[in-house]
Amino acid sequence: MRATIKYRLVFLALMVISFVIGVHWTPETLASDADKRALYLISALYFVLLPLSYWYCIIKKGAQKLWKLIIILSLSSLVARLSFPAEVAHYFEFIAWLRYPIIAVLLIIELYLVVSVVRGLFKVRKLKGDPRVGAVETYREGDDKSLTIALIMASEATNWFYAIPWFSRNHPPAIANINLKSAARWHVWLMLTGCIVASCSSYFLLVSWSEWVAIIVSSIIGYTLMSMVANHRLSRYYSLYLMRDNLVINNSLWGFMVINLTDIADVTNQPLAEIHQEDSETISIGGGQSNVTIKLNRPVIYHGGMGQLPEPMTVIHLSVDEPQQLINTLNNARLLETA
């Protein structure tokens, strides 16, 4: 497991524990000095410890943008508004009062970005293959916010593209297959079964409270069936392929890379013992021992979190079914590209 993933898991665990402890121990009133001290400690937990942890674990160690700190501050403010005593909770009313001007400003900014993104995506509408690749090609050297929005917009089309075989009938063939658990039949059936159970359970649990809420929640959960099918087909058939002058690496739907062939410095075999998981610019994809190493001339973004967690990578270790075939294909493609 890479260091950045460990830090994300550490922060997630800390956040869950903090909110559970905070909500459970928050006093209902401030009738005594002990109640006030408890509230001070919980406030420090929400607005000092958690933001500092987010900054260190997510922003610094994960090489994310500083503005994302507003996510944990907003979440802490929302929890405080809902759980703090009434005489203190009203100080967090700004969450409700400020949402309208904030939404208005954000809509203006996002509208401009969306228009620019749509205009860029319109230019690549006739391209074959994964819609995310066209988005990366268009905004590879541009504004990262535009690329983030482009990947969000392309994600829905990507789900349909891979879930329906007819849509992906002209997809470039795979040059090798990464050894991914999501490519196994048992994995997709397990995920589908779990999704159906969760959808039905949510309906029966909520229907006595509100039939409309039960229908909406169960429908949203059920809609993820398409993503699960797309995730399986992508992992099983299209985990590694060449598209135009790019090598596309799919770590299921969760993460992917679009690497220009000119950015590849070397493609070799490398034993597992030489893999340094603590290197923030090194990633290992596939179960089992890695048997192919791709070294890059410059950092290339790995779009994790379905495109929302970008990380620069310079070394990619892969576990594939046909390592020599992959090495030969990439070396030949690089020769043709530089010829």
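Here are some friendly questions and answers about this predicted model.

Me: What does the secondary structure of the protein chain come to?
Reply: Let's start with the overall make-up of this predicted model. The protein chain has 339 residues, and 42% of them are buried. Its secondary structure comes to eleven helices and eight strands.

Me: Among contacts between residues at least 6 apart in sequence, what percentage join residues at least 24 apart?
Reply: Good one to ask alongside the surface. The protein chain exposes about 18700 Å², with carbon and sulfur atoms supplying 68% of that area. For contacts between residues at least 6 apart in sequence, the share joining residues at least 24 apart is 70%.

Me: Are helices H9 and H10 roughly parallel or roughly antiparallel to each other?
Reply: Helix H9 covers residues 185–206 and helix H10 covers residues 211–237, and their axes lie 8 Å apart. The packing angle is about 175 degrees, and angles over 145 count as roughly antiparallel. The residues of their contact divide into 17 nonpolar, six polar and three charged. H9 and H10 are therefore roughly antiparallel.

Me: Is Leu206 buried or partly exposed?
Reply: Leu206 is found in helix H9. Not counting residues up to four places away in sequence, Leu206 touches Val213, Ala214 and Val217. Buried would need a relative accessible area under 20%. Leu206 has 24%, so this residue is partly exposed.

Me: How far apart in space are Leu206 and Val217, C-alpha to C-alpha?
Reply: These two residues touch each other. In sequence, Leu206 and Val217 are eleven residues apart. From C-alpha to C-alpha, the distance between Leu206 and Val217 is 8.7 Å.

Me: Which element gives the largest share of the largest nonpolar core?
Reply: This core has 27 residues, and those with the most contacts inside it are Leu240, Leu247, Ile249, Ile294, Ile316 and Leu318. The elements that give two or more residues to the core include strand E3 (246–251), strand E8 (309–318) and helix H11 (323–338). The largest share is five residues, and the element that gives them is E7.

Me: Which residues does Ile249 touch, not counting residues up to four places away in sequence?
Reply: Ile249 is one of the residues with the most contacts inside the largest nonpolar core. Leaving out residues up to four places away in sequence, Ile249 touches Ile178, Ser239, Leu240, Gly255, Phe256, Met257, Ile259, Ile285, Ile294, Ile316 and Leu318.

Me: How many residues does the second, separate core have?
Reply: Val133, Ala135, Ala230 and Leu253 are among its members. The size of this second, separate core is 20 residues.

Technical notes
Residues numbered from 1 in each chain as written. Predicted model: local features only at pLDDT ≥ 70, side-chain atom pairs only at ≥ 80, totals over all residues. Heavy atoms only, no water. Axes fitted to C-alpha atoms, helices over the stretch in contact; angles between N-to-C directions. Helix = DSSP H or I, 4+ residues; strand = E, 2+ residues; numbered from the N terminus. Parallel < 35°, antiparallel > 145°, perpendicular 65-115°, else oblique. Nonpolar A, V, L, I, M, F, W, Y, C, P; charged D, E, K, R; others polar. Buried < 20%, exposed > 50% of the residue type's maximum accessible area, 1.4 Å probe, protein only. Contact = heavy atoms within 4.5 Å. Areas by Shrake-Rupley, 256 points an atom, 1.4 Å probe, with all protein chains shown as cover. Core = buried A, V, L, I, M, F, W, Y, C linked by side-chain atoms within 4.5 Å.
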